[in-house]
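Thanks for coming. I will go through one structure this morning, helix by helix, and then turn to the ligand.

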Amino acid sequence: MKVLIIGKSGQLASELIDTKPNRIEVLALGRENIEIESINSISDQIAKFNPSVVVNASAYTAVDKAETDSDAAYAINFSAVENIAKVCKSNNIRLIHVSTDFVFDGKKNSAYKTSDKTHPINVYGASKLAGEKAIFENHPEDSAIVRTSWLYSGYGNNFVKTMLRLMAAKDSLNVVADQIGCPTSAKELASFIWKLTSQELIKPLYNWSDLGVASWYDFAVAIQDIAIECDILNKKIPIKAISSQEYPTPAKRPQFSLLDSTESYQIYPANHWREQLKIMMSNTKEFLL
Ligand SMILES: NC(=O)c1ccc[n+]([C@@H]2O[C@H](COP(=O)([O-])OP(=O)(O)OC[C@H]3O[C@@H](n4cnc5c(N)ncnc54)[C@H](OP(=O)(O)O)[C@@H]3O)[C@@H](O)[C@H]2O)c1
C-alpha cells in the first residue's frame, strides 16, 4: 500500500515516518514539494505517486498568532483541507486528517465524545472546525478525522521542550493549573493512524489521546520529575500553580478539553500519558534541551 503524508517536518509527520509499517510505501511532502493551496499541485503529486491513502499532517498550529493572522490559519486549516478532500474524492483515495480538542469551548465537565456539540472559542479552533466540515462535505465516504490533544514529541516544538528549556534556565516557574486535558504522545497518535490506514471500514470521526487527565501544571511537574530521573536536568526548581487569568494569552483556551477516546482504544490500545512521556523523554533525551 502507498501512503502520501502531507506536511513532512512537523511532530506528527516525523513520528509517522519513524513508525511506518514495513509493508507500506511512504512519500512525505513538505511545502517545498507541494502547494496545498493549489488543487492542481495536489492533483499532480497524487497522479505521480498514486497513493491509496493520504494522511494530512500539515496544519497552521500557531494558536496565539492565529488570532491576528486568521487568513493564514484558514488558508491552511480550511481551504487547503478542502482542496485535499476534493482531490482524494475524485481519485477514490482514503483521507485521514487530524483535528483538535480546541473545536470545543471547554464548558463540559466530562470527557468530550465525538457526538458532542462543537463550539470553538479561538480562531485556530474555528479554522480547524471549518477544515473538518470541508471533509464531511467533500469526501464523506472514505475519510476519517482524528481529534487529538496536547501533542508532544522529540521532534518539533512543544510544551515538553519549552518547559525543559525554562527549567534549565530559571530558578522557578509558574504554570497554569485550571486548564484540564490530556497530554498525547505524537508517536502513539501516529501508530493509531497507521491502524486506520488499513482498517477495511473507517468512521468519519475519532478521538485519540493517551490515557488519563492532567492540567498543564501536572504536566510540567511530571516533565521535571522525569527529566531529573533521566539526567536531562540536574536540579529541581519550584513550580507554582497559577490561574489562566494570571497568564493571559491572545487566544482563549478551553478550560476542559479531555477527549473520550474509548472507541479508538479498540483499534489501538493506549497507555497512561505519564508512562508515554517517560518513554519519549528517555528515548530522545539528547534532543530535548
Ligand atoms: N500540537 C498540538 O498540541 C496539537 C493538539 C491538537 C491537535 N493538533 C493537530 O495535530 C496535527 C499535527 O500537529 P503537529 O503538532 O504535528 O503540528 P506541527 O509540528 O506544527 O506541524 C505542522 C506541519 O504543517 C506544515 N505546514 C504548514 N503549512 C504548510 C503548507 N502550506 N504546506 C505544507 N506544509 C505545511 C508545517 O511545515 P513547516 O515546518 O514547513 O512550517 C509543519 O511541518 C495538526 O492537524 C494539529 O492541528 C496538534
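Which residues are buried in H4? Before the answer, a caution: this is a predicted model. In H4, the buried residues are Val123, Tyr124, Gly125, Ala126, Ser127, Lys128, Leu129, Gly131, Glu132, Ala134 and Ile135. So Lys128 and Glu132, which count as charged, are on the buried list too. What lies over those buried residues includes helix H3 (70-90), E4 and strand E5 (143-148).

Next, the length of that helix. H4 covers residues 123-138, which is 16 residues, and at 1.5 Å a residue they should span 22 Å. The C-alpha atoms at its ends are 22 Å apart, so the expectation and the model agree.

The same sum can be done for helix H6, residues 186-198. Its 13 residues should span 18 Å at 1.5 Å a residue, and the end C-alpha atoms are 19 Å apart, which agrees. The buried residues of H6 are Ala186, Lys187, Glu188, Leu189, Ala190, Phe192, Ile193, Leu196 and Thr197.

Now helix H7. It has 14 residues and reaches 20 Å from its first C-alpha to its last, close to the 20 Å expected at 1.5 Å a residue. Which of its residues are buried? They are Trp216, Tyr217, Phe219, Ala220, Ile223, Gln224, Ile226 and Ala227. These pack against H5, strand E7 (173-176), strand E11 (214-215), strand E12 (239-242) and helix H8 (273-283). After H7 comes Asp231, with a positive phi near 60 degrees.

Let me take one of those neighbours, H5. The axes of helix H5 (residues 159-169) and helix H7 (residues 216-229) come within 10 Å and cross at roughly 65 degrees. The crossing of H5 and H7 is right-handed. On the H5 side, the contact is made by Phe159, Val160, Met163, Leu164 and Met167. On the H7 side, it is made by Phe219, Ala220, Ile223, Gln224 and Ala227. By class, the residues of this contact are nine nonpolar, one polar and no charged.

H8 also has a residue to look at, Met281. Is Met281 buried or exposed? Met281 has 21 other C-beta atoms within 10 Å, and the cut-off for buried is 20 or more, so Met281 is buried. Leaving out residues up to four places away in sequence, Met281 touches Ile226, Ala227, Cys230, Ile232 and Leu288. Met281 and Ile232 are 49 residues apart in sequence, yet their C-alpha atoms are 8.6 Å apart in space.

For contrast, take Glu286, in the segment after H8. Glu286 has 8 other C-beta atoms within 10 Å, and exposed means 12 or fewer, so Glu286 is exposed.

Last, the ligand. Which residues come nearest to the ligand? Of the 24 residues around it, they are Gly10, Leu12, Ser58, Ala59 and Leu151. Two elements give two or more residues to this shell, helix H1 (11-18) and strand E4 (94-100). H1 gives the most, with three residues. By class, the shell has ten nonpolar, eleven polar and three charged residues.

That is the end of my part.

Terms used:
Residues numbered from 1 in each chain as written. Predicted model: local features only at pLDDT ≥ 70, side-chain atom pairs only at ≥ 80, totals over all residues. Near = placed C-beta within 6 Å. Helix = DSSP H or I, 4+ residues; strand = E, 2+ residues; numbered from the N terminus. Axes fitted to C-alpha atoms, helices over the stretch in contact; angles between N-to-C directions. Left-handed = near helix turned anticlockwise from the far one by under 90°. Contact = placed C-beta atoms within 7 Å. Expected span 1.5 Å × (residues − 1).
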